Amino acid sequence: MTQESVPKSNHDVEEYMTKRIGIGKSFDVGVRQLLVLKTNVQLYYVNGLVDSVMITKMIEELVEINDNEWANKRNIAKIIENRLLNIQVEKVETMDEAVDQVLTGLVSIFIDGIKYAIIVDVRSYPGRTPEEPDTERVIRGSRDGFTENIIENTGLTRRRIKDERLRNEMHTVGERSKTDVCISYLQDVADNHFIDFVKQKISEIETDGIPMADKTLEEFIMGGKWSPFPMVRYTERPDVASKHLMDGHVLLFVDTSPTVIILPTTYINCLEHAEEYRQAPAVGTFIRWIRLIAILGSLFILPLWLLFVMDPSLLPPQLSFIGPNEEGNVPIFIQIILGLIGVEFLRMAAVHTPTPLATAMGLIAAVLIGQIAIDVGLLSPEVILYLALSTIGSYVTPSYEVSIGNKITTFFLVILTALFGVPGFMIGTLIFILYLVNLKAFNTPYLWPFIPFDLTAMFRFIVRVPVPLVNNRPSIVHPKNVYSQPLQKRGRNK
Amino acid sequence: MSENNKVKQDDKPIPAEESTLKRALMTGFIGGLFWSIIWVFTYYFSFSELAPKSYLLRSWLHREWTDKLLGDVVSILLTGIISMIIALIYYMLIKKATTYLAGIMYGIVLWVILFYILQPIFPNIPSLHELDKDTIITTLCLFIVYGTFIGYSISYDYHEYQNE
């Protein structure tokens, strides 16, 4: 791309801008021409992205120069710069930069006869105020969540970590979209290799744009592109993001997305929830265990039950009541698959259905599909029970991405079990575990700390350890600074 | 308080040469406990007609308790201890492996040793071709996961230590 410098004459600037960003054609880009001290001054802006009150104020100030400084013999550019009341004012010398800035929502001021443009930040992006994220609600704790505005988002973490060693590095991704991407990390904690790796991956991205923000970015950065499991952890909670930042993780903010990427991550890390840290350690542990049971249930209860229906002799005598009393009209395997697909219908419908219709949908789901399906003999009551358990288990999974991945695994296990019985179930489970073992996010084993086993980290997952007793950061992020609090602390807790 | 104590002894902040060995033994012990518990579950649900206790207790002891819960608990603990030796052998021979495939192979080798080579030692264990398909596949899967658990953990820990 040729670096065209700012032409001296404002006439040329106008011609260039008309051609390049289509002034007069696109309604949202505009120019305001002023006469300041008998010199032509042009302001370029995008009307949806600037604060019109501030622009009016600015123009007022510029026009008043004619009254206030008519006797001043200084350079006109100096006078104008002096009269701009905004915080962020800078000069650019090429047209490319000036155009980029205008399209980002800043105002470019061109002065006739001056070979640079003055850029003023008067951005005001359309957006909402922080509100509690739907997917990660807690009973106690902060109710703010990330928004679509990257500046507000980094602000929310900065409010929680007022450390001079916190780095927020801005990068731009996308030839056309020019989306801002911010890498955040603690300079003296996070692993340099990993930061370099992420930066390199981001600079290598050559795509038109990333309108689907964080998800697209994940696909560009991480391996395992076909994996049904998330290779990063997503969060919309600033407190969760800050906690990971302090543990030595790297965060990626993407403008226009309220979801922040936490890197690197593991399967087990995705099973943690902010709620566990908002309750007493014993309660947190209890919640985590129950959650673990629910997640394992969502994975294995359907294939196991199918196995016991297919071969009741597997059941020990104490559990022989399990299994349908009558065979039914449809094979159990088909019933389970139908049920699983039906539940997916409902889940998707629940996402898209407008609120006024939600009640009607709930009615159809509960009464028609549930009860009538049993009455007409399509599904047996026991299928509904285990289906419901499995589904609730998947809703308990804190990470939505993991719960969908688990869902696919359940399908896979049910089909293998139906085809091959016990060997199918065992080999399916083996493939599932080995698949997770095989996955790597950068050089982080995905099933860590289970396989490869790390006693400390596993213990901290099984038991929600009180924070004063956790002195060191998780080894998986290879922190430069291992300790999160001084070691003497241990003595005090004896 | 036991929780706190456990945390303290687990917190080895700076790994040293002997601590990788310690961790390998610990991995072996936990791995033995965990996967033999799973094995007992598969025995309980008749996936497998053999359980850890078939080898460790029933082959030489015919008391009644060996067939009860106590027999399972004792055999699980014994498996944990034996598993430390298995982990030690891996640590001495193949800890430098860079892939978890070494662990899978290790698991398969262990299974062949136990089910084929050592089979004549145990009077109550049927020979390989007399075992049913479910038992063979279930135990083989368990041994593969167990081998991966031991092998990948020790190798990963070793390479992490090398990188420090």
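1. No salt bridges turn up between chain B and chain A: the count is zero. Keep in mind that this is a predicted model.

2. Which helices of chain B supply at least two residues each to the side that touches chain A? They are H1 (2–10), H2 (17–44) and H6 (133–163). H6(B) gives the most, with 14 residues. Sorted by class, that side of chain B has 21 nonpolar, six polar and eight charged residues.

3. As for the contact overall, chain A puts in 42 residues and chain B 35. Together the two chains bury about 3,500 Å², and 72% of that is on carbon and sulfur atoms.

4. Now to chain A itself. Five of its strands form an open sheet in the order E1-E2-E4-E5-E3, and the pairing is antiparallel. E1 (29–36) and E3 (89–92) of chain A sit at the edges with a single partner strand each, so one side of each has no neighbour in the sheet. Going from one strand to the next, the twist averages 25°.

5. For a closer look at one pairing, take E2 (residues 39–46) and E4 (residues 107–111) of chain A, which run antiparallel to each other and share four bridges. Which residue in E4(A) is the bridge partner of Gln42(A)? That is Phe110(A).

Conventions
Residues are numbered from 1 along each chain as its sequence is written. Chains are lettered from A and ligands numbered from 1 in the order in which they are written. This is a predicted model: local features need pLDDT of at least 70, side-chain atom pairs count only at pLDDT 80 or more; totals for chains, interfaces and linings use all residues. Side-chain values use heavy atoms; hydrogens and water are left out. Contact means heavy atoms within 4.5 Å. Buried area is the accessible area (1.4 Å probe) that two parts lose on being put together, summed over both. A salt bridge is a side-chain nitrogen of Lys or Arg within 4 Å of a carboxyl oxygen of Asp or Glu. Ala, Val, Leu, Ile, Met, Phe, Trp, Tyr, Cys and Pro count as nonpolar, Asp, Glu, Lys and Arg as charged, and the others, Gly among them, as polar. Two strands pair if DSSP finds at least two bridges between them. Axes are lines fitted to C-alpha atoms, for helices over the stretch in contact, and angles run from 0 to 180 degrees between N-to-C directions.
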